[in-house]
Amino acid sequence: ITIDKIILHKLVMSLKDPFETSFGTFQDKEFFIVEMIDKDGFTGFGESVAFSSPWYTEETVKTNEHMMVDFLIPLLLKEPIEHPDEVSKRFQIIRRNPMAKSALEGAVWDLYAKRKGWSLAKVLGGTRSQIDVGISIGIQPSVRSLLQVVERYVLEGYKRMKIKIKPGWDVEVLKEVRREFPTIQLMADANSAYTLEDIHHLKKLDDLNLMMIEQPLGHDDIVDHAKLQAAIETPICLDESINSFDDARRAIELGSCKIINVKIGRVGGLTESKKIHDYCKLQGVDVWCGGMLEAGVGRAHNIALTSLDQFTLPGDTAASERYWDQDIIEPAVTVENGIIHVPEKPGIGYEVNRKVLESFRVDKITVSN
Ligand code: OSB
Ligand code: MG
């Protein structure tokens, strides 16, 4: 692959409903669609997943732009790329900034797959033709409204419900959900809202038959999580704490978690995601694919990754219509009976709708080789 041009389309899209977590509420999502064109005219797409504020991890839309434009794109344009696995190696001299790296690497993977005429799922080594999906439910104004939202998604067929929690909106709320829906696959995500002082409180979750609790403690911690995991039955799943293959390896060695949420952007791209997947498979650790409220391009990458066989648990990759009135890809991602069919067309397997893309665009940065 010899890259001819990279276009960063900066979009702002408005979520259908505000999404509330323990650290803040999302309404407008600002991000980049990376369009990469090679000298033969093939095109690949990637999506940046950092938010506007550094609440989840430290990266933001602005830091992504800075890293891509000033450091990462020059490295990509320096010499041709034989295989997408080389991209993360080339980026290694830049510390951290996994989401910025991943946005560009994702476009290289799509371009590579399209050149081969294969689906992204196939070039990644995916084996599933369909994937199971769950849904992540934000903090609601009342328990009553939460129960209504859960019921709606159960009826829509989603295979597991993930409830966002925070101090004051946790054990009692989950108890109500469990009472109303005794058999659903249920889990909670705290986004780092607790400390080890809450062990006694978190232990109460053990009575609720939860699949797991996601990231209860510090966003950058694996030591306290190991202590907590030793004290509770409910499996811990790490999200924010895992920013690389080595983070995953260390967390598993230390017993900090029993399950890993893989987000392509958070770990620095598809090559790193695959490495984590392969290691977890060897270790018998279940993984699933998390979400960052992506538009269609990022969603398509998530679907392709989830086709790998150690993605044994339903992910957060819900349907386009759960987030947007109008997605930027065609067809939109649809969920039926809790299942998404993995596309077989070349690359990400969905077309970017240029008209829609332009309607959401607020800035455009073009870098030519
Ligand atoms: O912790 O997984 C998370 C959304 C924004 C930031 C962090 C998280 C989430 C979600 C929703 O849980 C995932 C999605 O539906 O894309
Ligand atoms: Mg999470």
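Into which domains is the protein divided, and which elements give two or more residues to the side of domain 1 that touches domain 2?

A: The model is a predicted one. In it, the protein is divided into domain 1, made of residues 3-117 + 351-368, and domain 2, made of residues 122-341. The C-alpha centres of domain 1 and domain 2 are 23 Å apart. Their contact draws on 36 residues from domain 1 and 35 residues from domain 2.

On the side of domain 1 that touches domain 2, the elements giving two or more residues are strands S1 (3-21), S2 (24-38), S3 (43-47) and S14 (351-352), together with helices H2 (85-91), H3 (98-116) and H13 (354-360). Helix H3 provides the largest share of this side, with 10 residues. By class, the side of domain 1 that touches domain 2 has 19 nonpolar, eight polar and nine charged residues.

Helix H3 also packs against another helix. Two packed helices are described by the angle between their axes and the distance between the axes. For helix H1 (residues 61-78) and H3, the angle is about 55° and the axes are 9 Å apart. H1 is therefore oblique to H3, and their crossing is right-handed. From H1, the residues Thr63, Asn64, Met67, Met68, Leu72, Ile73 and Leu76 meet Met99, Ala100, Lys101, Ala103 and Leu104 of H3. This contact of H1 with H3 has nine nonpolar, two polar and one charged residues by class.

Helix H9 (residues 245-254) and helix H11 (residues 270-283) pack at about 20°, with their axes 9 Å apart. That angle is under 35 degrees, so H9 is roughly parallel to H11. The crossing of H9 and H11 is right-handed. H9 contributes Phe245, Ala248, Arg249 and Ile252 to the contact, while H11 contributes Glu272, Lys275, Ile276, Tyr279 and Gln283. By class, the contact of H9 with H11 has five nonpolar, one polar and three charged residues.

Finally, the surroundings of ligand 1 may be described. The residues around ligand 1 are Thr21, Tyr56, Ser136, Asp189, Asn191, Asp239, Gly290, Gly291, Met292, Leu293, Asp316 and Ala318. By class, this shell has four nonpolar, five polar and three charged residues.

Technical notes
Residues numbered from 1 in each chain as written. Chains lettered and ligands numbered in written order. Predicted model: local features only at pLDDT ≥ 70, side-chain atom pairs only at ≥ 80, totals over all residues. Axes fitted to C-alpha atoms, helices over the stretch in contact; angles between N-to-C directions. Helix = DSSP H or I, 4+ residues; strand = E, 2+ residues; numbered from the N terminus. Parallel < 35°, antiparallel > 145°, perpendicular 65-115°, else oblique. Left-handed = near helix turned anticlockwise from the far one by under 90°. Contact = placed C-beta atoms within 7 Å. Nonpolar A, V, L, I, M, F, W, Y, C, P; charged D, E, K, R; others polar. Domains from an automatic or database assignment. Near = placed C-beta within 6 Å.
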